[in-house]
Amino acid sequence: MSNFLTATTLGNPNPNKSFEVSEPPNDSVSSLSFSPKANFLVATSWDNQVRCWEIMRNGVNVASMPKASIMHDQPVLCSTWKDDGMTVFSGGCDKQVKMWPLMSGGQPMTVAVHDAPISEMAWIPEMSLLVTGSWDKTLKYWDTRQSNPVHVQQLPERCYALTVKHPLMVVGTADRNLIVFNLQNPQTEYKRIVSPLKYQTRCVAAFPDLQGFLVGSIEGRVGVHHLDDQQQSKNFTFKCHREGSETYSVNSLNFHPVHHTFATAGSDGAFNFWDKDSKQRLKAMSRCSQPIPCSTFNSDGSIFAYSVCYDWSKGAENHNPATAKTYIFLHLPQESEVKSKPRIGTSGRK
Amino acid sequence: MHYKKEPCRNFQRGSCQYGERCKFLHVIQQQPKSNAFGFGTQASSHQQQKPNPFGFGVQNNVQSKGANDFGNKQNQFKNTWTRSSASSAPSLRQPDNQPQATNHQCTDPELCKRTIIEDFEHERPLWKLTCYSHWKNSPCDIVGDVSFEELRATAYDDAKHGLSLQSIVDRERNLLNSKLVEFENLLRNPYTGPVGSTLAQQIPFPTATATAFSPQNSGRSQNGFPPSVSSFSQLGASLNSGSAVRPSIESNNAFGQPISFSSSAQASSVFATNNIPLANAFSFGNQQPNQSVAASFSTSMSSFSNSSVTSTALNQFSAPVVSTQNLSLSSVQPPALFNVSNLISKADGQSATDIQLGSNLQRKIVSGDSSIWLKEKWIPGEIPEEAPPDAYV
């Protein structure tokens, strides 16, 4: 598929007939995040903006309405909502985190800084803290009312991926470290393992039942890892986002909030739904003409948002700002796509 | 029927309870031996076998909830699981039959080597700027990750500072080539173990360590690096090796002038310091110089760019400097010295090895510095400020 990316204008960016969000950013989207309380979608982008849309759903019809946006000085890489659904945090290459009380119409203010771009962040409601991970090899915990972090946690390497489900937090760093924290004791690493995958870690996602986590890498593979030593036999890895001999990166892992199945999105422009318990793929969606760098479910899993735009997986050469297009699509998952199924094979191998 | 026939795993293991009723094919050993291990380390060999257009284990072909296709009993061979098929099918069933391989000791370098060869042949990911380990849960054999975002952030920053697209592309390509060289070396040289066996140890920050080369080069001189392969000479070769790095943009864009990737035109000087993502990653990571080639390194970091350039030379005390370019990801083991060399060079008034992506100057500077330790007599002004690495003591 060498013409995969050069044919951005030729291929269909929306083969899945997803709903297209209006007024997408002018450059690639780096993160997508739904409010925990309502269908408000925030996207951060390489054009330095953080944008918010209201998503209105009426049966199978979906409409998007741009609400507000703020600017950073540099590309914005990550975002997260506060649990009250009123405030959005965003951070990126400007090494700062802005807290933006957008639902109340407030102005953003800087609440966190790092020494290097901030690649990941998460709001921890149980602790009322924001945790940020950066390429400066630290995790910092912030009480937004104070300018100094509550705690600084050193990482062995740059933070590449982060997932939080209290009290489980997993950080993926460069050079395949995966560090597990128990947030009840955040100053100590609970466990540090080397990734079960052979290449660079790209994304992680904690199981909703806290038994373990998923890790995705650039080699088109996802690892399912359980924390408990007794459950190590349940660990496995599987391949995905591959086409012929081409091996694409898995860019995003998202658990469905209700069914606890999960979605993967990759540089091949496809997204799939999987069930790790029955070890099967529930649904493979059609490939879009550009990579999908990020994706997310809304709070009840009724909407799956994903962005189709260039993720730099082929370097600067394949980036043509003049013709590059960025899309954000909304997919309404059907039950068959995200609901767990018993394995047909196991129940008798008909 | 319209399903492909898949071999029966249980049968191959010698115990299929369905016997003739089994919906899978009872054939012997069609799968390569790596089956026993299930998970796709060697899954590559499956790639060419029976590509299943429908995808193994994929329910998606059945739009409705019911497993209609599976209701067809004649269809014995619809395989809902498979161990691996790189074509489209995701195979989830690759159980971790082996115990958590945290204890993989590379006792059989030949086996490890073969694993590496197979990996490189079949499972090279499209993104090349990555670390690598031949065995899951084992420390990296090649360190030096650069993520998509890091590369992009650097490119955007360069653009903001006025670099042309072509030079950005060149820089990235150099990075890529150095990385490819590392992989090539891992492939070529006898395998001697991962970069650091003590990966679990936390390295005091920022004295990170990096030693991608040591294991590979243990065959030759200690602390050696790849041979003086010029990454430029490999330009053609490595360009063919799968990475889509071809200069194709010139004609497309009017990028004769500095580009701005994003709408913001602010020339922030954020990255002027060593906060450039790449540079940061490459920041002057030190490492306690270790003599032993492989094992004692705790790796968690790699030093790139200047670091690597300087360090490379420093390591090879008398050997020629490595071909790795400035942004080379050739992580070597930079002794603590290499930080010093920057100080030295600065003290000497030479152009400091600052994070300039593009000058070959550093190489020369470094060469000079490395011989510092070999000099009998030091001229004031060039006395290193830090203790020499153990190698020299």
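**View 1. Hairpin of β7(A) and β8(A).** K95(A) takes a positive phi near 65 degrees in the hairpin of β7(A) and β8(A), where three residues lie between the strands. The model is predicted; local features need pLDDT of at least 70, side-chain atom pairs count only at pLDDT 80 or more, and totals for chains, interfaces and linings use all residues. Strand β7 of chain A covers residues 88-92 and pairs with β8(A) in the antiparallel sense, over four bridges. Pairing here requires that DSSP finds at least two bridges between two strands. Across this pair, F89(A) stands opposite M99(A) of β8(A).

**View 2. Strand β8(A) and its cover.** β8 of chain A spans residues 96-100. Four of its five residues are buried, so the strand counts as mostly covered. Buried means under 20% relative accessible area, exposed over 50%, and partly exposed in between (1.4 Å probe, protein chains only).

**View 3. Strands β8(A) and β9(A).** Strand β9 of chain A, residues 109-113, pairs with β8(A) in the antiparallel sense. Four bridges join them. Q96(A) has V113(A) in β9(A) as its bridge partner.

View 4. Over residues 1-9 of chain A, pLDDT stays under 50. pLDDT is the predictor's confidence in each residue, from 0 to 100. Where it is low, the predicted coordinates should not be read in detail. For residues 1-9 the model has 24 contacts beyond four places in sequence. A contact means heavy atoms within 4.5 Å. Chain A averages a pLDDT of 92, and 95% of the residues score at least 70.

**View 5. Chain A as a whole.** Chain A holds one helix and 30 strands. Both are DSSP runs, numbered from the N terminus: helices are H or I with at least four residues, strands are E with at least two. Of its 350 residues, 69% are buried. Take the contacts between residues at least 6 apart in sequence: 47% join residues at least 24 apart. The accessible surface is about 10900 Å², with 46% from carbon and sulfur atoms. Areas come from the Shrake-Rupley method with a 1.4 Å probe; for residues, only the protein chains shown count as cover.

**View 6. Chain B as a whole.** Chain B has 11 helices and zero strands. Buried residues make up 57% of its 393 residues. Among its contacts between residues at least 6 apart in sequence, 70% join residues at least 24 apart. Its accessible surface is about 15200 Å², of which 54% belongs to carbon and sulfur atoms. Residues are numbered from 1 along each chain as its sequence is written, chains are lettered from A in the order in which they are written, and side-chain values use heavy atoms, with hydrogens and water left out.
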